[in-house]
Amino acid sequence: MIKEPSSVYTVRFQDCDPMGHLNNSRYIDYIINAREDHLDQYYNLKLSDFIAAGYCWVVTNHEIYYIKPSLYNEKVKIQTSVIEVDNSSLLVEGLMMSEDESQFKSLLWTKYFYVNVKTGKRENHAPEQMDFFNSLKNEHLSNYKESRNRLKTILDLQKR
């Protein structure tokens, strides 16, 4: 099972400021969209199927660090991983970097709660979901208890 799926995206003009830098809020959009793509491409999971069944994940928290700017028309690689899983939530990392992985651009940790679409209330994952998400858990990242510790590791790697 691939625990660090990645894909390449092109930074689009409409997502940039007048200086050609990707707007801060768009980093989050790119990474969340990449995670949705990864769920479909690598695990054959479609969020629309969950919504049709009456369940979805909602974002409850983002922790984001902007490391280097992403520029208009630049190709960036986005890698996502599950960090933590519990009965009703997931913590997912999104890492944006240059296509050749020589520069880190952004680090995003997002916490999701699993909810019932009709009630809007938090629900527990089904046992088979827990098994599946635990199989995706990136044990290497689970060692990091705080995003800033992960950031420090990334910055140390970038210096090398």
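**Sheet, helices and nonpolar cores**

An open sheet is built from five strands in the order E1-E3-E4-E5-E2, with antiparallel pairing. Its edge strands are E1 (6-10) and E2 (55-66), each of which pairs on one side only. On average, neighbouring strands of the sheet are turned by 25° against each other, direction ignored. The model is predicted.

**Strand pairing**
- Strand E4 (residues 89-98) and strand E5 (residues 104-116) run antiparallel and are joined by nine bridges.
- Opposite Phe104 in E5 stands Met97.
- In general, the strands of a sheet pair through backbone hydrogen bonds, in either a parallel or an antiparallel manner.

**Helices on the sheet**
- Helix H1 (residues 24-43) lies across E1, E2, strand E3 (75-86), E4 and E5. The helix H1 runs at about 70° to E3.
- Helix H5 (residues 147-159) also packs on the sheet, where it touches E2, E4 and E5. The direction of H5 makes about 150° with that of E5.

**Nonpolar cores**
- The largest nonpolar core has 14 residues, and Trp57, Val85, Leu90 and Phe133 are those with the most contacts inside it.
- Two or more residues of this core come from each of H1, E3, E4, E5 and helix H3 (127-136). H3 gives the most, with three residues.
- Phe133 touches Trp57, Val82, Val85, Leu90 and His125, not counting residues up to four places away in sequence.
- Another core, of 13 residues, lies apart from the largest one; Ala34, Val76, Ile78 and Leu108 are among its members.
- Nonpolar side chains tend to be buried together in soluble globular proteins.

Definitions and conventions
Residues are numbered from 1 along each chain as its sequence is written. This is a predicted model: local features need pLDDT of at least 70, side-chain atom pairs count only at pLDDT 80 or more; totals for chains, interfaces and linings use all residues. Side-chain values use heavy atoms; hydrogens and water are left out. Two strands pair if DSSP finds at least two bridges between them. Helices (H or I, at least four residues) and strands (E, at least two) are DSSP runs, numbered from the N terminus. Axes are lines fitted to C-alpha atoms, for helices over the stretch in contact, and angles run from 0 to 180 degrees between N-to-C directions. Contact means heavy atoms within 4.5 Å. A nonpolar core is a set of buried Ala, Val, Leu, Ile, Met, Phe, Trp, Tyr and Cys residues joined through side-chain atoms within 4.5 Å. Buried means under 20% relative accessible area, exposed over 50%, partly exposed in between (1.4 Å probe, protein chains only).
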